[in-house]
Amino acid sequence: MTAVSLRHISRRFGDHVAVRDLNLDIESGEMVAFLGPSGCGKTTTLRMITGLIEPSSGDILFDGESVLSTPTERRGAVMVFQKHLLFPTMNVAQNVGFGLKMARVSREETAERVKEILELVDLPGLEDRKAHELSGGQQQRVALARALIVRPKVLLLDEPLANLDANLRITMRHLIRSIQKEMGITAIFVTHDQEEAVMLADRVALMFDGVLQQVGAPDEFFRTPRTTGVARFFRNGNFLRGHRRGSTIHTDVGPIEIVSTSETVEDGPSVLTVRPEEVRLVNEETDQENVVPAVVTSLIYMGSHTQLTVTIGDTPWQIQAPAAFQARNGDTVRLLLPRGHVSIVADDDTATTGSAEATLAEGSAVL
Amino acid sequence: MTSTPMTARRIRNGLKIPLMLAPALGLVVVLFGGGILVGLGQSLGYFPAIGLNEFTFSNYTTVLTDRNFLISLWLTFRIAAVTTVLSSVLAIAFTLVLREKFAGSKITTFLFQVPLPVPHLVAASGIILLITQSGLIARIATAVGLMDTPADFPALVFDKGGVAIILTFLWKEVPFVGLVILAILQSVGPQYEEQARTLGANARQRFRHVLLPLIMPGVMSTSIIIFAFTFANYEIPLLLGVRFPSTLPVVAFREYQDPDLALRPQAMAISIVLAVVAILLLIAYRRLARSAVK
């Protein structure tokens, strides 16, 4: 059980910055997911924690002590790779017992602990099998057992479930989660699958292009995404621009009331968002607040619901409508954006597209 | 009712592969097998061309009881064994260095592989020019004052231990083994070692428990080829060896070429013994290697 701190970690490969000034504190016994698209620097970060690569700058602390000068083999950060990498020349028992053999643990104790850990990962009695005689899921469990047996300070999992089929992945998620909780082990895993991150992790750290975007409990990424990019990664592309005054956002389609947060967010140009599943369709006569008109552009029946695409003004929105919902393209519908579900996001697009957006913001301010 | 055409097809399919292999197989069996059979016959005293028609083991008893034969056999074995072991060990050592990325690693890898296409004969001439007592190294050493005269240089070529022979073989075979190991290392990648490392294995342990078991099958099969090749090689020991003791292939060919045709059955007996010993050694080696890998 070890707390891990990453302090201003950066890593450059030539001109390419893979990880930029990353700061994160991981508590002892916590399970954290590094989430992000491929190439975002999450695996690089994991490898820096193991010591397989060194950060270009910054420090890594285990329980407050810098481990940068401790080589990988003595660091106690054990990695489970995406390919399970069972040693092909060894059987299951030899693979699982590898770390103990390296630490010169006696044969008797090794055999005992191998037996124990194989029961824990639900593979009792497979000691004599060769790696190639196992299914993908079994190999993954052996790889997990091989890591757990050395009682790592930190368990690192690099896309551990990526090579498994859908059903097996769900079983393995439960297994990994229950073992991690039971052993109280500090664990960090890398994934590009937001569903997996949400299901498995105590906290999620989302990275784009080597930069940490948002860290928090899984539900925060749904309720209060920090930026448009974060919202998009969690499958929410509903954005509406406006101008904020107090707890009201003035948009082209009318004022939208928000729950005023304790955080002091400055008045001015803002982007609001509501998740597709929180937007409600209401009928004509309603006089509720936060109702905006929208034009239907497409309808896809999904079985459990109907996926409705509309435009508010000229902005496309996705809405999860009831399965029985009927409408034609071009119909006008009325949408309720429930006050409790409206959140303000920082606009990533401004940062990337620069002055054009800034001019737009200035224009609306003049209005 | 349905089984008859099925069976016919199965027979046809079953015959297809032997039939397709027949031309190549025939060539090997007739030329190679025929040669061995004639040689075996002559070694057993069946040589009608010079009027020998009686089967006898006397050639074998003559050869096997000859002390000079045993000296040659030991020399041949020693050269092959030393070459095999040294080329494997050196190749492993070289490839461990070569797979690291360092300044000039590409050119070094290229230079390492230069000997591969060079014929053994050329390699032998090169060795002569380099390390005889009148060779380049001896002259340079004398010129810079390390020795008084080139003759002080140790006799490595035309020596009884076969040092020059072994050196030539090594120059040729180390890159050969190295090529195989590099190919294995490339396909395996660094990941197994990284995995072992995070599990607490230090550099020595990673080599001993992860890398070596991965490359050993490749090293074993190439070393078998090298042993068989050097054990039966003729031209290198002929060029770089002393007149006595000679390696067995040299002795056998010398007797084969002797104007006295009566010596030919003995030459054949030597060749057959050479082949049998080589086969026995290789079988024993394979057994040993397999149990060692496990």
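Residues are classed as buried when their relative accessible area is under 20%, as exposed when it is over 50%, and as partly exposed in between (1.4 Å probe, protein chains only). By this scale A:Arg177 is buried, with a relative accessible area of 19%. The model is a predicted one, in which local features need pLDDT of at least 70 and side-chain atom pairs count only at pLDDT 80 or more, while totals for chains, interfaces and linings use all residues. Residues are numbered from 1 along each chain as its sequence is written, chains are lettered from A and ligands numbered from 1 in the order in which they are written, and side-chain values use heavy atoms, with hydrogens and water left out.

A salt bridge is taken as a side-chain nitrogen of Lys or Arg within 4 Å of a carboxyl oxygen of Asp or Glu. Over all chains, 20 salt bridges are counted by this rule. Helices (H or I, at least four residues) and strands (E, at least two) are DSSP runs, numbered from the N terminus. A:Arg177 forms a salt bridge with A:Asp202, and the closest N and O atoms are 2.6 Å apart. This pair links distant parts of the chain, 25 residues apart: A:Arg177 is in helix 7 of chain A, and A:Asp202 is in the loop between helix 8 (194-200) and strand 9 of chain A. A:Asp202 is partly exposed, at 25% relative accessibility.

A salt bridge also joins the side chains of A:Glu30 and A:Arg203 (2.6 Å, N to O). Because A:Glu30 lies in the loop between strand 2 (16-26) and strand 3 (31-35) of chain A, and A:Arg203 in strand 9 (residues 203-208) of chain A, the pair ties together parts that are 173 residues apart in sequence. A:Glu30 is buried at 8% relative accessibility, whereas A:Arg203 is partly exposed at 21%. A network of salt bridges links A:Arg173, A:Asp193, A:Glu195 and A:Glu196.

Between the side chains of A:Glu73 and B:Arg197 there is a salt bridge of 2.7 Å, N to O. A:Glu73 belongs to helix 2 (residues 72-75) of chain A and B:Arg197 to helix 8 of chain B, so the pair joins two chains. B:Arg197 is partly exposed, with a relative accessible area of 22%. Helix 8 (residues 191-198) of chain B is largely enclosed by the rest of the structure, because six of its eight residues are buried. The buried residues in this helix are B:Tyr192, B:Glu193, B:Glu194, B:Gln195, B:Ala196 and B:Thr198. Just after helix 8 of chain B, B:Gly200 has a positive phi of about 100°.

The whole structure holds three cavities of 30 Å³ or more. The largest cavity contains about 40 Å³ of space, and its lining consists of A:Leu144, A:Leu148, A:Leu155, A:Ile176, A:Ile179, A:Gln180 and A:Ile185. Helix 6 (136-148) and helix 7 (166-183) of chain A are the elements that give two or more residues to this lining. Helix 7 of chain A provides the largest share, three residues.

Note on methods:
On a 1 Å grid over the protein atoms alone, a cavity is a set of points where a 1.4 Å probe fits but cannot get out, and a pocket is an open set with protein on both sides within 12 Å along at least five of seven lines; lining residues have an atom within 4 Å of a point. Grid points are joined across faces, edges and corners, and a volume is the space filled by probe spheres set on the points.
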